[in-house]
Amino acid sequence: MRRLAVRAGAALALIAAVVAVPSAATAAAPSISWSACTETTLLGFDCATYEVPLDHDRPGGPTTTIALSRRPADNQAQKIGTIFVNPGGPGGAGRGMVRSSARIASPEVLARFDLVGFDPRGIGASDPVQCFPTDLEAVALLEQMTGVPVTKEQISSTLKANWEYTEACKRNMGPLLTHMSTLNVAKDLDLLRQGAGDSRLTYIGYSYGTLIGATYANLFPKKVRAIIIDGNVDPDQRTNHRLENKFGRAGGFEIALAGFLAECDEAGPACAFSGDARGKFDRLRDRLRQGPAEIPGGGTVTLDDLIGYVGQILYNMASFPVAAQTLQNTYDVILGEPAALRATATGLPKAPPARGWLGDDYAFNSNDSFYAVNCADAPLPRNPALYPAFAVAFEKAHPTFGRAEAFSEVGCANWPVIREAYDGPWNRRTAQTILVVNPTYDPATRYDFAVRMTRQLGNARLLTLDGFGHTSRYSACVTSWYTRYLLNGDLPPAGTRCTQDVAPFPAV
């Protein structure tokens, strides 16, 4: 969805056991040296950079720089430690998360912990990877790609442009190209923990950040103080069966869309798209699959526009009412009445390139690092010619999001083979129980994934949020458990379910 907006056996088990105690972590790590931030968007916070090994198997070799920001604890005299946070992605810059600390943790938690956001290696201000010298060169290739390619021409152009995109990354990304895996990010995080002076890790990871948390927990199980992972991946499936995982992701978006449409009809007048919302959406999607729709005075609406827009609005329940009105307007313009709407319609909003939490000079670092991490972490078929058939199978099962998901990481087909990755085991028993949190209608990290995450981890407890959106929001119940767990290690009883405090479509 980003561009619509990437052996078993005794021998490997032995290798995994060796990797679990990285040599770089045996020596005392230097302390993080903080100073006042100078970036305009981070004024009032502390900033730092921290050197970590480019290759953790060569701790005395070349290094790469990690950029961090800190919101100090309000009560330094009674500070418990540091909470490291990650927004996901992969490709999400985390140093700007300190600006949203009130959304992440309660005042009670912020009083007792420093909150530290960091840009993982290669991302944001951390020696950012860059596949193209300029935005214009990136755009030139991206414009040749279709997020939901249907025609032979669209498919051919998309496959060719993805191949060329990856070749540009090989030429321009530099030494980080082969060292961007989550394995390395987790090892970096352990050095940051030591640099902050904490004997054990306290961490909150969202979305892809849950894979960082799960990887850390299995590399350093005795170093876990408190880990919250919210909006979860299935770690085994993501790292060992990525094609199957992408099929499941498409299904997650379908489940969330079905929930959105059902809630819309249930809300009646409070939802502008109510009245056979499912049928209207399917008719609109099927019409756009036949080709773009021209809107007088409003340009063109394409299948990419529709799928990209709907996929994004499912991330945040607060967008539902406006999205429902936008969908109804679009439906009226293309398939319905009155005709007068056609003269004033503007089509669906177009999503800009994802920039993460802070805007940086090169707009496509997030996109480039998305591939660099995903292609390193997960095996995908190496022959691009196979992907059109995958798309047919995906779309048959998941008619709205299947085709997009099948093509979304085809750039990994010619990515260099990366051996430096972690794919299990996932069941090492941690010093403290990990708290797994997930909404039931999370589009990008479906609830099933959280159930599997909980089962695969050696020591985890699932907290269910009955609600919508990507990662948990709008629930005092969830916030309360966050607070109790972070401060005291309290866990919700098995089977605990929370609800959201606002309705998807508030009464008008």
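**Helix packing and confidence**

Modeller: Helices H11 and H12 are roughly antiparallel to each other, because their axes cross at roughly 160°, and an angle over 145 degrees counts as roughly antiparallel. This is a predicted model.

Colleague: Which handedness does the crossing of H11 and H12 have?

Modeller: H11 spans residues 303-313 and H12 spans residues 320-334, and their axes come within 10 Å. The crossing of these two helices is left-handed.

Colleague: How many nonpolar, polar and charged residues does the contact of H11 with H12 have?

Modeller: On the H11 side, the contact is made by Leu306, Tyr309, Val310 and Ile313. H12 contributes Phe320, Val322, Ala323, Thr326 and Leu327. By class, the contact has 8 nonpolar, 1 polar and no charged residues.

Colleague: How do the residues of the contact of H10 with H11 divide by class?

Modeller: From H10, the residues are Phe281, Leu284, Arg285, Leu288 and Arg289. They meet Leu303, Leu306, Ile307 and Val310 in H11. The division is 7 nonpolar, no polar and 2 charged.

Colleague: What is the orientation of H9 and H10 to each other?

Modeller: H9 covers residues 242-267, and its axis comes within 8 Å of that of H10. The two axes cross at roughly 130°. H9 and H10 are therefore oblique.

Colleague: Which residues of H10 meet H9?

Modeller: H9 brings Leu257, Ala258, Leu261, Cys264 and Asp265 to this contact. Its residues, counted over both helices, divide into 6 nonpolar, no polar and 2 charged. On the H10 side they are Ala277, Arg278 and Phe281.

Colleague: How much of residues 83-239 is helix, and how much is strand?

Modeller: The UniProt annotation "domain: AB hydrolase-1", from an unreviewed entry, covers residues 83-239. The end C-alpha atoms of this stretch are 26 Å apart. Its content is 44% helix and 15% strand.

Colleague: Where does pLDDT stay under 50?

Modeller: The protein chain averages a pLDDT of 91, and 90% of the residues score at least 70. One stretch under 50 has 67 contacts beyond four places in sequence in the model, and another has 24. These stretches are, respectively, residues 1-26 and residues 352-360.

Technical notes: Residues are numbered from 1 along each chain as its sequence is written. This is a predicted model: local features need pLDDT of at least 70, side-chain atom pairs count only at pLDDT 80 or more; totals for chains, interfaces and linings use all residues. Side-chain values use heavy atoms; hydrogens and water are left out. pLDDT is the predictor's confidence in each residue, from 0 to 100. Contact means heavy atoms within 4.5 Å. Axes are lines fitted to C-alpha atoms, for helices over the stretch in contact, and angles run from 0 to 180 degrees between N-to-C directions. Helices (H or I, at least four residues) and strands (E, at least two) are DSSP runs, numbered from the N terminus. Angles under 35 degrees count as roughly parallel, over 145 as roughly antiparallel, 65 to 115 as roughly perpendicular and the rest as oblique. A crossing is left-handed if the near helix is turned anticlockwise from the far one by less than a right angle, and right-handed if clockwise. Ala, Val, Leu, Ile, Met, Phe, Trp, Tyr, Cys and Pro count as nonpolar, Asp, Glu, Lys and Arg as charged, and the others, Gly among them, as polar. UniProt positions are given in the numbering used here, feature names are shortened, and annotations may be inferred rather than shown by experiment.
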